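Please look over the sequence and the structure shown below before reading on.

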Amino acid sequence: MTLAQDIDQLKLQETRLRFAKFDENDAWVLGSQMREAAASRKLPLVIDIRVAGRALFYAAVAGSAPDNAEWVRRKSTLVMRYHKSSYRMNRELAASGQTLDEFRGVNPIDVAPNGGGFPIHLTGTGIIGTITVSGIPQRDDHNFVIEALCKFLKLAHSELALAPEAA
């Protein structure tokens with residue numbers, strides 16, 4: 001998959017993976033499903049779901065590192081600032097040759113344009129929060145979130161999954 005194809009697919013994911021409603025119970029159900037999937041696959045993930053900055057679900061799976069929580073914070077901050085997935089921001093920056101730095105009014109320690117952060121978009125309202133994971137390579141972090149959202153929203157993962165990265 002080329003960089004341009006990645007970006008198009010990431011935009012499609014953000015358009016299709018939206019919620020009619022999202023509350024504390026939804027966060028618990030989705031987060032619990034994600035934690036179970038990570039544990040059963042032995043993926044050392046930290047999983048964080050928050051709305052309006054309020055943590056609704058948090059789990060650290062065996063093997064995750066204390067630093068994963070910091071990566072989650074930085075990815076989530078990026079999603080809320082730019083209203084797009086952290087991996088989409090990564091791919092767009094790669095395509096443009098730009099970086100996030102002080103010249104763009106961004107302190108790099110506060111944001112991470114790395115895969116794993118995805119917006120919670122409420123249809124008719126907009127982006128209200130984030131679903132973020134950290135612990136495996138960034139494309140895999142992103143794909144894990146997309147797979148979980150497709151299952152939760154009952155959408156065909158095969159239509160929304162990212163193809164393998166171009167060599």
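**How α2 meets α5**

In this predicted model, helix α2 uses D26, V29, L30, Q33, M34, A37 and A38 to meet F144, V145, A148, L149 and F152 of helix α5. Sorted by class, this contact of α2 with α5 holds ten nonpolar residues, one polar residue and one charged residue.

**Geometry of the α2 and α5 pair**

- Two packed helices are described by the angle between their axes together with the distance between those axes.
- For α2 and α5 the packing angle is about 125 degrees, and the axes lie 10 Å apart, which means that α2 is oblique to α5.
- As for handedness, the crossing in which α2 passes α5 is right-handed.

**The nonpolar cores**

- The largest nonpolar core has 31 residues, and those with the most contacts inside it are F22, L30, M34, I49 and I131.
- At least two residues of this core are supplied by each of α2 (24–40), β1 (46–51), β2 (54–60), β3 (117–122), β4 (126–134) and α5 (138–153), and the largest share, seven residues, comes from α5.
- Apart from this core lies another one, of six residues, which includes L78, M89, L93 and V106.
- When its neighbours within four places in sequence are left aside, L30 is in contact with F22, I49, I131, A148, L149 and F152.

**How α1 meets α4**

- Helix α1 (residues 3–16) and helix α4 (residues 86–96) have axes that come within 9 Å and cross at roughly 150 degrees, so these two helices are roughly antiparallel to each other.
- The crossing in which α1 passes α4 is left-handed.
- On the α1 side the contact is made by L3, D6, I7, L10, K11 and E14, and on the α4 side by Y87, R88, R91, E92, A94 and A95.
- By class, the residues in this contact of α1 with α4 divide into six nonpolar and six charged, with no polar residue.

- Leaving aside its neighbours within four places in sequence, Y58 is in contact with V46, I47, D48 and A69.
- Although Y58 and W28 are 30 residues apart in sequence, their C-alpha atoms are 9.1 Å apart in space.

How values were computed. Residues numbered from 1 in each chain as written. Predicted model: local features only at pLDDT ≥ 70, side-chain atom pairs only at ≥ 80, totals over all residues. Heavy atoms only, no water. Core = buried A, V, L, I, M, F, W, Y, C linked by side-chain atoms within 4.5 Å. Buried < 20%, exposed > 50% of the residue type's maximum accessible area, 1.4 Å probe, protein only. Helix = DSSP H or I, 4+ residues; strand = E, 2+ residues; numbered from the N terminus. Contact = heavy atoms within 4.5 Å. Axes fitted to C-alpha atoms, helices over the stretch in contact; angles between N-to-C directions. Parallel < 35°, antiparallel > 145°, perpendicular 65-115°, else oblique. Left-handed = near helix turned anticlockwise from the far one by under 90°. Nonpolar A, V, L, I, M, F, W, Y, C, P; charged D, E, K, R; others polar.
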